Amino acid sequence: MNGSRFGMLGAATPVPDLQAQPAARATPAWLAHRLSHPPLLAALIVLGWLAVALGVNSAQYGDHFEQFTWAQQVQWGYAKHPPLPTWLLAGLITLFGLQPAWPSVLGATCVALTLLLTWRVGVRLLGPERAALAVLLCGLQQGFASKAQLFNHNSVLILTVALVAWLALRACDETRPRAVLARWVLVGLAAGAAMLSKYQAALPLAGVLVAVGLSGAWRSAPQRRGALLAVGLCLLSFAPHVLWVAHHQWTTLTYATQSGVVLSFGQRVGSVLQFLVLQLRMMAPALLLLLIMALWWRRQPVAGATPLAPADRPALLRAWLIGLVGMPVLGVLITALVGGLRLQDHWGIQTFQFLCLLVAARWRSPVSVRWGRWVGVALGLHLLWALSYSAPLWTSRVHSDRTRVDQFHPGRTIARAVEAAWREQAGDCPLRLVRGPGFEAGLVSIYGDQHAAIVDEALEHTPWLEARTMREQGHVLVRLGSPPAADRWTGEAGVRGAITFEVPSQARRPLDTLHWLIVMPQGCEAWPAPG
């Protein structure tokens, strides 16, 4: 194979001959080389999906507004999850101001870095040729393509898990005792970051320890000491969050363990089957790429091409595939069948995060001799996918079976209507607070001109806000579909209104209505923003 085409990032490699062409039509050699480089290609594809999202969406996913809500106050934890993803968004807002695009930018950055680290892991385990195939397949999973724009706890989870896997592989390859400990320190810090992203990280982190053990690294005393040091650092990093949870009624554990949900064994099996079918659908583009290339290879074999050789270190590969793929899958199945939890769709992005390595390890046909075709077919699939994603904007024949299509709500239209209604009632009094379900309140806040603070309808999500502030500054209570009910936070006095709008592709409810209730402020001053 042409090693330069798949060589290590930053290595001094000669320029490959990418199917020599006449000089007048040739792509500049350096550009051709860079565009064929797997991790850079993957990053450019993710950048393309980010551009599609920013150009097409008129709103964004509800998870983003949840992050915006929590980012108003930096804490060691939040009502549902550990704090690291929220810290990242809060830091970006502090440095560069509030922008609606920040969550999508963070999500795409996490995905691009995850693909880079996946490729680096693949190079160590599979060799550069199969690693190139792995990252191309991984980029065709829904979570790494059309949903690369989605920023939530899974985004940071997959990035930190990939970082732990790469750092642990490097630590296991180190032989100098002091360098071994230094590398395991980095593993421990990265593992702590993973646990501060989402509790699900415990499964792949346990898988990394299993891989280290099965690979034989445990037989080395420095490696054992290093791994134990990493575990200790991980727990130490996680401890402040545990203390926070203990002082906040264990809300995150209540959410994570689905407190109150009881499933029969039949329902548990059904949950597993539904989960697996959905994950298969999310991987469909990658499977289609494999099918196309397999048929292409069978119909037009390359003369003299030899099958890919097995991995240089098969025992190491087997150990890490068990740890990175087998352990998360086994853990999720046990969680569902024994623990009785209903499997959530989004758990699959990490559970099957490294499945592309397993598929690439089993692939025998040469990749490099037809890398251009692999890339061409993959780009074609991404293009068709992008056209399908944007179709609701240019045809009425595309409909979604989802109850609510978040990203196609007219965010600015809704926000301006609510702010206009507030000005009509409150005059020059600034709108400081907007309350309601996170999605609706987030639309008004993020897409409005005043960027009112978001007060989630579940008030435990914003525990830093005092009732006195709500009464003094007034607020707008919003809700989709039905008028919001008055409660002790609003009182009975208030001005109601609504706006009806169209949501492209939302088949079940193509016309939706946002209702609001304006609670007037007690007097009017240039109130300071809460928090």
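## Notes on the helix packing and selected residues

1. Helix 2 passes helix 5 in a right-handed crossing; in such a crossing the near helix is turned clockwise from the far one by less than a right angle. Helix 2 covers residues 38–56. The axes of helix 2 and helix 5 come within 9 Å and cross at roughly 165 degrees. That makes helix 2 roughly antiparallel to helix 5 (angles under 35 degrees count as roughly parallel, over 145 as roughly antiparallel, 65 to 115 as roughly perpendicular and the rest as oblique). Axes here are lines fitted to C-alpha atoms, for helices over the stretch in contact, and angles between N-to-C directions run from 0 to 180 degrees.

2. This is a predicted model, in which local features need pLDDT of at least 70 and side-chain atom pairs count only at pLDDT 80 or more, while totals for chains, interfaces and linings use all residues. Residues are numbered from 1 along each chain as its sequence is written, and side-chain values use heavy atoms, with hydrogens and water left out.

3. Back to helix 2 and helix 5. The crossing is helix 2 over helix 5, right-handed. On helix 2, the contact (heavy atoms within 4.5 Å) is made by P38, P39, A42, A43, V46, L50 and L54. On helix 5, the contact residues are S104, V105, A108, V111, A112, L115, L116 and W119. The residues of this contact divide into 14 nonpolar, one polar and no charged. Ala, Val, Leu, Ile, Met, Phe, Trp, Tyr, Cys and Pro count as nonpolar, Asp, Glu, Lys and Arg as charged, and the others, Gly among them, as polar.

4. Now the next pair. Helix 3 (residues 62–70) and helix 4 (residues 84–96) pack with their axes 9 Å apart, at an angle of about 70 degrees. Helix 3 is therefore roughly perpendicular to helix 4. Q67, F68 and W70 of helix 3 meet P85, T86, L89 and I93 of helix 4. Five of these contact residues are nonpolar, two are polar and none is charged.

5. The whole chain comes next. It has 20 helices and five strands. These are DSSP runs, numbered from the N terminus: helices are H or I, at least four residues, and strands are E, at least two. Of the 531 residues, 52% count as buried (under 20% relative accessible area, with exposed over 50% and partly exposed in between, for a 1.4 Å probe and protein chains only). Take the contacts between residues at least 6 apart in sequence: 77% of them join residues at least 24 apart.

6. Which residues of helix 16 are buried? Helix 16 spans residues 355–362, and its buried residues are C356, L357, A360 and A361. They lie on the same side of helix 16, because they cover an arc of only 140 degrees around the axis. The arc is that of the directions from the helix axis to the C-beta atoms. The cover over these buried residues includes helix 5 (102–126), helix 6 (128–138) and helix 14 (314–337).

7. Q350 is in helix 15 (residues 348–351). Its relative accessibility is 1%, so Q350 counts as buried. Leaving aside neighbours within four places in sequence, Q350 touches L157, I158, V161, Q200, P204 and P328. H515 sits in strand 5 (residues 511–519). H515 is buried too, with a relative accessible area of 16%. With neighbours within four places in sequence set aside, the contacts of H515 include L477, V478, R479, G481 and S482. P483, P484, G497 and A498 are also in contact with H515.

8. The loop between helix 10 and helix 11 (251–256) holds Q249. W250 lies in that loop as well. Phi of Q249 is near 60 degrees, a positive value in a residue other than glycine. Phi of W250 is near 55 degrees, again positive in a residue other than glycine. Most residues other than glycine have a negative phi. At 62% relative accessibility, Q249 counts as exposed, whereas W250, at 42%, counts as partly exposed.

9. A239 is found in helix 10 (residues 221–246). A239 has 30% relative accessibility, so A239 counts as partly exposed. A239 and L196 are 43 residues apart along the chain, and their C-alpha atoms are separated by 9.8 Å. D428 is in the loop between helix 18 (411–426) and strand 1 (433–436). D428 counts as exposed, at 79% relative accessibility. D428 and C524 are 96 residues apart in sequence, yet 8.0 Å apart in space, C-alpha to C-alpha.
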